[in-house]
Amino acid sequence: MPRVTRLDEDNDTAGTPPVGQTDGQASPRYAGLTTFARLPRIEDVPAHDVAVVGVPFDAGVTYRPGARFGPGAIREASRLLRPYNPHLDVMPFRDQQVVDAGDLPCNPFDIAAASKEIEEGAHELVRGGGRLVTLGGDHTIAYPLLRAMNRVHGPVALVHFDAHLDTWDTYFDAPLTHGTPFRRAAEEGLFLPGASAHVGIRGSLYDPQDLSDDAELGFAVVHCADLETTGVRDVVARLRHRIGTAPLYVSVDIDVLDPAHAPATGTPEAGGMTSRELLGVIRGFKGLDLVGADVVEVSPAYDHADITSVAAANLAYELVSLCAGAPR
Ligand code: MN
Ligand code: MN
């Protein structure tokens, strides 16, 4: 059994102190069984504030497969994450109970069945008010995750980081793929159009109508090129102005990063964000009511030296850290 360290033991006003990471001074971080950031499993503690869960589903991809192996690779790359986040000035694993909730079971052959399973599994984790950070999996899973969020919070502000809009209608007549989750979500009113945005959009499209169709769904679009002309600070200000005080859901397709920063993904596009820019924008959400997030489309077979998995693990860490600074 890995040894867990109880942190904050002197704080008797906080009730049961959160169980943090396996102590890296007692057991080196490359040793032991793998959970996200060497945190306890959900069954090891009586309650949680934040669940990190894997969704190993990739039956919705249109090009390179393999994101079903994303959760495992991101967990492995998360061993190096440390207890203090100096950028947000929080101790994300002491200020709240964070757990690894394992992987949700999902049918690898039937997208509609998997979607139901993912929605129910995610709802189980958030129905008591907990926050959720999901490791994908392909982007199809954002649709059932948003449905689960809506059952608790109603429509959310959605900030979607991606090279692609993911609002196509169908692909090979299939209504639910990794290119369509936000069209389906829009049809069901799962997000607040005036409070939502795509960030990092770039690359070739099928038709100019892709952009005009998307605009009708109510998203603001921060094109990747905007980052060059306006910078991280201005992008953050624009996004925060839209989000306001709404419950926030952040969906990160790792292909929003340039292939130099995230080669291991299903549909890479040149000219993307740096990992520093993306971390900067996400840190800019400090103090907002982040209720859920996902990091998707990591396909480890295309990786080199774990570049992509390391980026994804660090993004998940920032998202968990934002939960620690969110209003209660
Ligand atoms: Mn994408
Ligand atoms: Mn996507």
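# Close-up views

**View 1. Strands β6 and β9 pair in the parallel sense, over five bridges.** Two strands count as paired if DSSP finds at least two bridges between them. Helices (H or I, at least four residues) and strands (E, at least two) are DSSP runs, numbered from the N terminus. This is a predicted model, in which local features need pLDDT of at least 70 and side-chain atom pairs count only at pLDDT 80 or more, while totals for chains, interfaces and linings use all residues. Residues are numbered from 1 along each chain as its sequence is written, chains are lettered from A and ligands numbered from 1 in the order in which they are written, and side-chain values use heavy atoms, with hydrogens and water left out. The bridge partner of His160 in β9 is Ser251. Strand β7 (residues 197-201) also pairs with β6 in the parallel sense, over three bridges, and there His160 stands opposite His198. From β6 the chain crosses through α4 to β7, in a β-α-β crossover that is right-handed. Right-handed means that, with the strands pointing away from the viewer, the path from the first strand over the helix to the second runs clockwise.

**View 2. The residues of β6 are buried on both sides of the strand.** Buried means under 20% relative accessible area, exposed means over 50%, and partly exposed is in between (1.4 Å probe, protein chains only). Five of the five residues of β6 are buried, so the strand is largely enclosed by the rest of the structure. In a regular strand, side chains alternate between the two faces of the sheet. In β6, Ala157, Val159 and Phe161 point one way, while Leu158 and His160 point the other way.

View 3. Donors are N, O and S atoms within 2.8 Å of the metal (3.2 Å for Na, K and Ca); water is not among the atoms, so sites may look incomplete. Distant parts of the chain are linked here: Asp162 lies in the loop between β6 (157-161) and α4 (181-187), and Asp253 lies in strand β9 (residues 248-253), 91 residues apart. Asp162 is buried, with a relative accessible area of 0%, and for Asp253, also buried, the value is 2%.

**View 4. The manganese ion (ligand 2) is coordinated by His139, Asp162, Asp166 and Asp253.** The donor atoms are His139 (ND1), Asp162 (OD), Asp166 (OD) and Asp253 (OD), at 2.1 to 2.2 Å. The spacing of these donor residues in sequence is H-x22-D-x3-D-x86-D. The two manganese ions, ligand 2 and ligand 1, are 3.3 Å apart, and Asp162 coordinates both. Asp166 in the loop between β6 and α4 and Asp253 in strand β9 link distant parts of the chain, 87 residues apart. Both Asp166 and Asp253 are buried.

**View 5. Tyr171, Phe172 and Tyr206 make a nonpolar surface patch of about 430 Å².** Patches consist of residues with over 30% relative accessible area and no salt bridge, with like charges joined within 9 Å and nonpolar side chains (Val, Leu, Ile, Met, Phe, Trp, Tyr) within 5 Å. Accessible areas come from the Shrake-Rupley method with a 1.4 Å probe, and for residues only the protein chains shown count as cover. Phe172 lies in the loop between β6 and α4 and is exposed, at a relative accessible area of 76%.

**View 6. Arg151 and Glu119 form a salt bridge, with the closest N and O atoms 2.9 Å apart.** A salt bridge is a side-chain nitrogen of Lys or Arg within 4 Å of a carboxyl oxygen of Asp or Glu. Arg151 lies in helix α3 (residues 142-153) and Glu119 in helix α2 (residues 111-126), so the pair ties together parts that are 32 residues apart in sequence. Arg151 is partly exposed at 40% relative accessibility, whereas Glu119 is buried at 8%. The structure holds 17 salt bridges.

**View 7. The side chains of Arg147 and Glu188 meet in a salt bridge (2.8 Å, N to O).** Arg147 in helix α3 and Glu188 in the loop between α4 and β7 link distant parts of the chain, 41 residues apart. Arg147 counts as partly exposed at 29% relative accessibility, and Glu188 is partly exposed at 37%. Salt bridges that share partners join Glu119, Glu120, Arg147, Arg151 and Glu188 into one network.
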